[in-house]
Structures are given as structure tokens and as C-alpha cells.
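Thanks for coming, everyone. Let me put the model up, and then we will walk through it.

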Amino acid sequence: MLGPTAHTDSFTRDKLPPLNEWPEINLDGFDYPEYLNAGVELTDKMVEQGFGDNTALIGNGRQRTYKELADWTNRIAHALVEDYGIKPGNRVLIRSANNPAMVACWLAATKAGAVVVNTMPMLRAGELGQIVDKAEIEFALCDTRLMDELVACAKDSKFLKKVIGFDGTANHDAELDRIALTKSVKFEAVKTGRDDVALLGFTSGTTGSPKATMHFHRDLLIIADGYAKEVLNVTPDDVFVGSPPLAFTFGLGGLAIFPLRFGATATLLEKASPPNMIEIIETYKATVCFTAPTAYRVMLSAMEDGADLSSLRAAVSAGETLPAPVYEAWMAKTGKPMLDGIGATEMLHIFISNRFGDSHPACTGRPVGGYEAKIVDHDMNEVPVGTVGRLAVRGPTGCRYLDDVRQAVYVRDGWNLTGDAFFVDENGYYHFAARNDDMIVSSGYNIAGPEVEAALLSHEAVAECAVIGAPDEDRGTIVQAHIVLADGFHPTPEMAKQLQDHVKATIAPFKYPRSVVFIETLPKTATGKIQRFRLKQEMSA
């Protein structure tokens, strides 16, 4: 089933799950040659196709064309192979914020046949150590501004032998950059197989030991040739902007693979706050934005104050459920739909999405081309239309954990179980209810936290909110709302009652939050996901 490999270090192929534990993979319509290097496809092949003078990357005060990116990555690849001895199949960790140098290092290591592990700047030595141990990583490329934690990790690591500094700014003034500048701009990339592992994506927000998802060279192109082509209709005129870290597959797809696959432009922000994204959109007339609903709420407010975001043709929301009030406000303000979608690190990117001309509030949409989905119970039986159950999906990408017993939990009967509770309506549209572990059972009622959040967000006093289940002696669990109030509103018992009454009037009264906690800010991940588990921990402490 697996094609040829160029990996002389066979670690990743050896650590793939047994074939009987894989999900069913449907590659119809995704035909690639046996030998394929994603790094070449996104750089040198784009130059060959006539995109050499197009702007590929913008960031840290510099713009780089596709020709410059191809040359830059070839020089780095020479250095990695000739000066550092990186062999095909070696794992290479990259530590950096979102900037062009990080993209160049990822592409160069991919050209050299390495298996890349992108990591976030906020990770500390202990967390990096878990990743290094799991993937047995010998080499790391690190923005020189972020060396401390990685050097500390290397000191105690039996695997990590070499930490190589690169300059994440526009100065090219670090060890790797200086060596690369002496190299040729022509590089004979490693002839990797389409089924060679190219990327290890470590899942975010997991408890216990980290899970690494294994993605092939072909997978990196499938998400562009599927979702980005079919749903986003990407053209060379597009300019991408967004907040997700490149360390997450959502960010790597949306801010690197998608634009580079089609000759478009990626703008990269080390600090992707909503004000910084607004500035980029206005300056470069960005057309496609990837971020979370919380950031879109800030953008809506900025438009009220005069920000010009009219260049955006596609606002993609993922990583956190999109509340209907945010969708409706965006539609009313811009006349353009917000494209809600759901993806997973295990699946690499978005597999169910709304479309232009076919989008609805409080709806995640239909499966992306090549994917199929169904809603099942705990025994994998399909449940009736309109019934909330577990989302099962399969298609051209799927979960392959690196040497992990949890493979048998995520994949059952050839289907990927994403951990999300959904229902499908009579027209075949999929609707998110909650993460499976975020369903609140109160006095025998099943209550989906996101539905209560959407009701609260439709009140003018609520800027942000998160709903969790809180222990209760009488009811087992009650709905508890943590609310950030909008400017001009005050956290009083009267306000709490007003919001409770509003929810009762908006959705079934039994779903209202019996406990209201006013809070200054909600805990979030780097991608803007609300960390409800931290609220639960704080309430039980």
C-alpha cells in the first residue's frame, strides 16, 4: 500500500500504525507521482510555472518573490545537508514565531528530505523535551531570539544534539543564514516518495503525553488541491492574512501551503493581534483571512470605527465554533459570508465547510470534496437525522499517530472520530453541538455549551463568553457562564439576571446558565481557542 521511500532514517515509517488501524483513505481525484517533494512543489515548480516575480511572502519589513524564496530555501537546504549532515528521514524541529524565515526553514528541511516538527514560541523546555523524546529529534532550527528554552531542553536531552540558530528578522545575521549565503541557489532536492512522512503535527491542548500526527508529502498538497481550491477558489491575486501559528497545521495550511500552491501572497505576523491584522489587511489589501470568531468580533468593532476591510473576500473561521450572532453581524456589515469550517490536526486541515453562496448561521456546512461524514453513537451505529452524536469522517487524509495506542480510539471501523458532537439536518448540513467532553448533562438534560454561548452573545452587554458545566448537589451539573462584559456594562446581580432571562427567551429555558461569573478576560490558546478546561480547573480549585 505504501509507495517507495527516500528515507535512509526509517524512524517515521517504522512508527506508522499497523495498516489495520488506519482510517480508510480515498485518493480519488488526488493523483500524484510516486516521487513527490512538497518543498519543491511550493517553490521551484512555481517558478517554472511563471510565478517567479510574484510576491510569495511578506513579513518583518521584507517582501520576497517566488524566485527569491526558491533560491533562499535551496541555499538553506545545502547548508542543512552539507554542513550539518541532515539525512532524509531525520526529524528537524523548528522553533519560531510566524515569519518568512520560519517558512523558508520548513521548506528547506522538506527539500532535504527531513521530517519537520514545527513548534510554538511559547513552549517551555519541559514541553519541548516531550516532543523531542516522542519524535527522537536530533536537529533543531531556532530563531536566535528564542534560543534559551531550546538550549535548556538540549542540555537534558538524550536525543537533541544540535541547535542551529537562524535570524527570524530580515537581517540574515545568524549561523545558518551566514552559511547559507555561501551556497548555490540550485539544489537537487531529495526524491522523496509521496507516501514519505513530511510533517509531524503535535496536537494542541492534549493532556498526558503528546500525540504526534504523521502527514505525507501528498497530504500537504491534498489540502490545497481540495479545500483551498474547491472552497476558497484561491488565485494568484489573493493575499492571505491570519492569526494561527504555523506550528499548527491549521496555520501552516492557511498561511503557507494554500497561498504558495497557487502563486498567491502570504503575509506573516509574529504578533497577530486583531489590530495588527487590521493594519495588514488595509496596507496590503488582503483578500483571505484565517482567524477565530473572537478576532472577527474585534474586527467588526474596528469597522464601526472606520477600519477599511473591504478587500477581504473570504473570512474563514475555524478552531472555535462560530456563533450565529458573529456570522450575522459580519454578513450585515460586509455583505459577504463568513466561512465556518471544522478541521483537526489528525486530518491536517478543514474537512467540512460552508461555501460561498451556500452558507448558513450556526452551521458548519457540508463535507469538502473527497470527504464523507456521518453521525454515530458509541457503537458506531448511524443515528437519525437531527440527533446529536459523534462525528465520524473519512477521506483523502486521516489519522496516523506516531507509535500511539490512542490510534485505536481515534480510528474505528475505518472512520476518524474527531471528538466532536454534531448533528446533520434533513438537507445534509452538519451542525456543531459541542466537543464530546463539553456536553453538559444537567438533571438528565443534554445541553450544548456553544448554543448557550450563542444566545448570550446575541445580547449587547456580552463581549465574550464561555459556558462550562459546574458541579451541583441537586442537579449533578449546572450550566455556568463566564462572561466578559462589553464597555459600559457593569457586573451586578441585576445584570446577571437580565442575561439569564435573555437566554430563557432565546432558547429552551432549561438551558439557561444558573450560575453567572463575570470575568475580565477568558483564557485562550495562541490560536484564539477559549480554554474551557482552565475555567473548569479554576472553579474546582
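Where does Arg 475 lie? It is in the loop between β23 (462-472) and β24 (476-485). Before going on, the ground rules. This is a predicted model, where local features need pLDDT of at least 70, side-chain atom pairs count only at pLDDT 80 or more, and totals for chains, interfaces and linings use all residues. Residues are numbered from 1 along each chain as its sequence is written, and side-chain values use heavy atoms, with hydrogens and water left out. Helices (H or I, at least four residues) and strands (E, at least two) are DSSP runs, numbered from the N terminus.

Back to Arg 475. At 31% relative accessibility, it counts as partly exposed. On this scale, buried means under 20% relative accessible area, exposed over 50%, and partly exposed in between, using a 1.4 Å probe and protein chains only. Leaving aside neighbours within four places in sequence, Arg 475 is in contact with Ser 442, Ser 443 and Arg 514. Contact means heavy atoms within 4.5 Å.

Now compare Thr 12, in helix α1 (residues 11-14). Thr 12 is buried, with a relative accessible area of 1%. Its contacts, again setting aside residues within four places, are His 7, Arg 91, Val 115, Val 197 and Met 214.

Next, the cores. A nonpolar core is a set of buried Ala, Val, Leu, Ile, Met, Phe, Trp, Tyr and Cys residues joined through side-chain atoms within 4.5 Å. The largest one has 92 residues, and Trp 106, Leu 176, Leu 232 and Phe 258 touch the most other members. Helix α5 (residues 100-111) gives the largest share, 9 residues. A second, separate core has 31 residues, among them Val 197 and Met 214. Thr 12 touches both of those. Leu 232 has contacts of its own, including Val 288, Ala 314 and Leu 339.

Two strands pair if DSSP finds at least two bridges between them.

Moving along the order, β11 (residues 288-291) runs parallel to β12 (residues 314-317), joined by 4 bridges. Val 288 has Ala 314 as its bridge partner in β12. β12 and β13 are also parallel, over 3 bridges, and Ala 315 partners Met 338. β13 and β14 (residues 350-353) are antiparallel, with 3 bridges. There, Ile 342 stands opposite Ile 352. Of the 6 residues in β13, 5 are buried.

Last topic: charge pairs. A salt bridge is a side-chain nitrogen of Lys or Arg within 4 Å of a carboxyl oxygen of Asp or Glu. By this rule there are 28. Arg 218 and Asp 195 meet at 2.7 Å, N to O. Both are buried.

Asp 225 pairs with Arg 261, the closest N and O atoms being 2.9 Å apart. Asp 225 is in helix α9 and Arg 261 in helix α10 (residues 249-261), so the pair ties together parts 36 residues apart in sequence. Which is buried and which partly exposed? Asp 225 is partly exposed at 21%, and Arg 261 is buried at 17%.

That's the tour. Over to you.
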